[in-house]
Amino acid sequence: MKHDVSIVRRSLTSNQSDAVHQQEADNGFRKYVKFIVAESRGTYCLSSGKVCVAGPRGPKGTPGNRGKRGPKGTRGKTGTKGFMGPPGKSGKQGMKGDVGNPGMKGEKGDKGVAGHPGPEGEPGQSLCAPNVNVSPASHTENQTATFHCSASGHPKPKVSWRKVNGAELVTTDGPDNQLHIRNAGYNDSGSYMCTATSVLGKVQKMVKLFVEVSPQFIEIPKGVIKVIGSTTAAVSCKAFGFPSPTIVWSRGFVKLPGRSTVINGTLTIASFSPQDAGPYQCKASNKLGSTSAVTTLTYNRGLWWRSSILRENEFYQRHLNQFLTPAVGSHPHWQLCYRASTHGWAADTFHSRCDGKRNTVIIVKAGEYVFGGYTDIPWESSGRYTSTPNAFLFSLQNKEGLAPFKSMVRRPSYAISRQSGDGPIFGTGNDIYIANNANSNRHSQANFGYNNVYSVPSGVQNKQTLLAGDKGVPGLPGPRGEPGQSIAAPNINVSSTSLTITENQTATFYCSAYGNPKPTVTWRRMSSAGQVNMNSPDTRLQTKNAKYNDSGSYVCMATSVLGKVQKAVKFTFEDGGTNQCKASNKLGSATVLTTLHYVPTDSSGGWTSTSEAFIFSQRNKEGLAPFKSLVTSPTYAIFRQSGFGPTFGSGYDICIQNNANRNTNSYTYFGHSYSVPIGVKDRRTILAGTYNFTPDDVDVFYLR
């Protein structure tokens with residue numbers, strides 16, 4: 001058998017040190033041997049007809065040479081500290097230390113032998129009890145108060161100061177001891193006690209300190225105070241000081257109102273009027289000085305200034321407000337919807353003006369007595385009772401002299417009755433019943449407490465006469481029957497039979513009709529061509545922006561199955577020159593001329609402002625020379641109300657009432673909104689001679 005074996009010689013060399021690459025050389029050699037064996041086996045075993053079988057393991061080779069020592073390893077970590085060994089041998093003796101501190105003192109020894117007596121001493125002072133003298137003091141604020149307390153005695157006493165009922169202030173030694181109170185204030189005033197104490201006893205003397213303080217306010221009024229008209233204004237002003245300050249109220253160069261008083265610093269002004277409004281000064285003074293505060297009182301017309309019944313009576317207003325507050329709160333805004341003396345006494349006038357309005361107060365004056373009722377549900381003409389638990393009656397002045405009282409509803413289902421042919425009705429038995437055209441008949445009733453619909457206060461003697469006195473129908477009124485009255489022919493009343501207005505004003509006639517069955521009301525105008533029907537939505541005939549062609553005669557006709565009745569009224573148209581109003585009566589006359597620049601009269605129902613208005617008198621009751629009175633409150637220069645004639649001022653300074661020639665409702669209360677000349681004695685009577693009057697005539701002119 002022949003084998004072809006190719007042997008390749010190879011050398012392994014290294015360019016580096018053997019120590020470093022010896023391992024690499026060994027590895028290379030092993031790889032080389034393995035390669036030779038594998039190559040030889042492949043060459044032989046791959047020949048045709050040859051089978052290669054692994055032979056036995058060869059003998060163990062001889063050990064190789066020992067390898068060289070490897071590189072030095074890194075240093076190991078420090079091990080744990082071992083146990084302490086036994087003590088070493090004693091060293092040499094050291095140097096001697098410093099001397100220590102002395103020890104504690106020993107016990108006292110035995111008493112020695114007495115020595116020889118010494119020489120006689122000087123005589124000592126005799127014993128005496130303590131004595132003090134003090135001096136009083138009086139100082140002003142922030143000064144230093146000094147008390148001197150001279151104490152004597154043997155042995156020398158100890159001196160102390162104490163405020164009476166107070167803590168000890170200072171304790172000193174010496175024959176002349178002083179007490180100083182720096183920046184003394186009023187609270188430092190009082191009694192102080194000086195006490196001298198020794199073994200022989202003690203003695204005290206008291207002294208008083210007065211600290212004078214300039215006035216200081218402890219209560220001052222607000223800068224602005226609103227006062228309701230005709231009520232009592234009370235403004236408090238209090239000051240503190242020593243001596244006690246004196247408080248004086250003043251009003252600049254104007255005297256305080258004659259209705260004013262000052263008690264304990266409180267200024268009181270009764271029946272407050274617009275003339276009382278303005279600044280007021282409170283001044284507090286003593287011998288150290290003075291201080292002052294200023295407040296301004298303003299005139300507030302109040303809640304009831306529109307009420308002719310309550311306007312001048314603070315007592316009525318105060319109690320009615322108390323009754324109403326739980327129902328409507330403390331700040332309501334009442335609006336007048338109806339006044340019988342102004343708008344007419346017909347029931348349908350009341351309903352036309354007040355139906356549908358909630359929270360209404362009815363105020364009735366019968367002679368000297370004042371009463372009324374409140375309901376939170378609106379009036380209407382349904383002809384039935386209406387329920388509310390909030391209704392109540394009230395009395396402000398009654399026949400039996402009882403204090404004002406409030407009577408709550410006890411049977412709410414019969415609180416009020418809403419009848420088209422009647423005025424306000426409270427209760428099923430007519431606790432209060434205002435009849436149609438109540439001023440011209442005796443049908444109205446005040447059958448208070450009937451059927452227990454409204455509560456009756458204890459102590460009432462006669463319920464039927466309590467509210468309105470003896471003015472009712474003679475005898476005990478019975479309860480009002482249910483609807484279904486006996487038939488009655490129609491009847492009518494008109495508000496005025498004649499009316500004169502100027503161009504562009506509104507002419508209004510009221511025609512109240514009653515009867516059973518209820519009549520139908522129509523208005524017609526009389527002309528040369530006959531009667532012409534007028535389009536009127538109700539019993540009122542109203543012509544707006546009246547012209548000359550609107551003047552003439554008009555007829556109000558009430559018709560029912562029982563007949564018809566009619567009344568004629570006359571409407572005249574007037575124009576003229578100057579705006580002059582003249583009012584006179586048997587005692588004299590007063591003529592008023594006003595000039596209102598760009599302020600036309602109308603029926604808006606409110607005051608109108610102008611600074612050009614004035615009132616004048618040509619002849620007056622007090623015989624003063626003719627004078628001119630300028631407006632002082634322009635906001636209230638004139639009052640434009642459809643139910644009034646010419647009205648000036650908020651008081652009113654001049655008021656011409658409706659149908660003034662047939663009543664004494666017109667009046668003058670001069671000086672509310674217009675200046676008053678010097679020398680006037682009675683502002684209520686100077687212009688017309690009396691407060692209420694009936695004018696002989698009234699002329700009104702205007703400038704084109």
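Leaving aside neighbours within four places in sequence, with which residues is Ile432 in contact? In this predicted model, the contacts of Ile432 are with Phe371, Gly372, Gly373, Leu393, Pro424, Ile425, Phe426, Gln445 and Leu467. Ile432 belongs to the largest nonpolar core, which has 29 residues. Within that core, the members that touch the most others are Phe371, Phe426, Ile432, Tyr454 and Leu467. Two elements that each supply at least two residues of this core are helix H4 (347-354) and strand S17 (360-366). S17 provides the largest share, 3 residues. Another core, of 17 residues, lies apart from this one and includes Ile615, Ile638, Tyr674 and Val680. In soluble globular proteins, nonpolar side chains tend to be buried together.

The chain as a whole contains 5 helices and 42 strands. Of its 704 residues, 35% are buried. Among contacts in the chain with a separation of 6 or more, 60% are between residues 24 or more positions apart.

Helix H2 spans residues 314-328, 15 residues in total. The distance from the first C-alpha of H2 to the last is 20 Å, close to the 21 Å expected at 1.5 Å a residue. At the start of the helix, a side-chain oxygen of Asn313 comes within 3.0 Å of the backbone nitrogen of Phe315. At the other end, H2 is followed by Gly329, which has a positive phi near 90 degrees. Tyr316, Gln317, His319, Leu320, Phe323 and Leu324 are the buried residues of H2. The elements covering these buried residues include strand S9 (224-228), S17, strand S18 (369-375), strand S20 (392-397) and strand S21 (405-408).

Helix H4 is mostly covered, with 6 of its 8 residues buried. These buried residues are Ala347, Asp348, Thr349, Phe350, His351 and Cys354. Their cover includes H3, S17 and strand S27 (507-516). Just after H4, Gly356 adopts a positive phi of about 85 degrees.

The structure holds 2 disulfides. A disulfide is a covalent bond between the sulfur atoms of two cysteines. One of the pairs is formed by Cys237 and Cys282, with sulfur atoms 1.9 Å apart. The torsion about this S-S bond is about -85 degrees, so the disulfide of Cys237 and Cys282 is left-handed. Cys237 is located in the loop between strand S10 (233-236) and strand S11 (238-242), and Cys282 in strand S15 (residues 278-286); the pair therefore ties together parts that are 45 residues apart in sequence. Both Cys237 and Cys282 are buried.

The other pair consists of Cys337 and Cys354, whose sulfur atoms are 2.3 Å apart. Here the torsion about the S-S bond is about 95 degrees, so the disulfide of Cys337 and Cys354 is right-handed. This pair links distant parts of the chain, 17 residues apart: Cys337 lies in the loop between H2 and helix H3 (340-343), and Cys354 lies in helix H4. Cys337 and Cys354 are each buried.

Three further residues were examined individually. Arg339 is situated in the loop between H2 and H3. Because its relative accessibility is 14%, Arg339 counts as buried. Apart from neighbours within four places in sequence, Arg339 is in contact with Arg306, Ser307, Ser308, Arg311, Gly344 and Phe644. Cys655 is buried, with a relative accessible area of 0%.

Lys463 is found in helix H5 (residues 463-466). With a relative accessible area of 32%, Lys463 is partly exposed. Not counting residues up to four places away in sequence, Lys463 touches Ala446, Phe448, Gly449 and Val456. For one of these residues, Gly449, which is 14 residues from Lys463 along the chain, the C-alpha atom is separated from that of Lys463 by 6.5 Å.

Methods: Residues numbered from 1 in each chain as written. Predicted model: local features only at pLDDT ≥ 70, side-chain atom pairs only at ≥ 80, totals over all residues. Heavy atoms only, no water. Core = buried A, V, L, I, M, F, W, Y, C linked by side-chain atoms within 4.5 Å. Buried < 20%, exposed > 50% of the residue type's maximum accessible area, 1.4 Å probe, protein only. Helix = DSSP H or I, 4+ residues; strand = E, 2+ residues; numbered from the N terminus. Contact = heavy atoms within 4.5 Å. Expected span 1.5 Å × (residues − 1). Polar contact = N/O pair within 3.5 Å; in protein donor to acceptor, adjacent residues only side chain to side chain. Disulfide = S-S within 2.5 Å.
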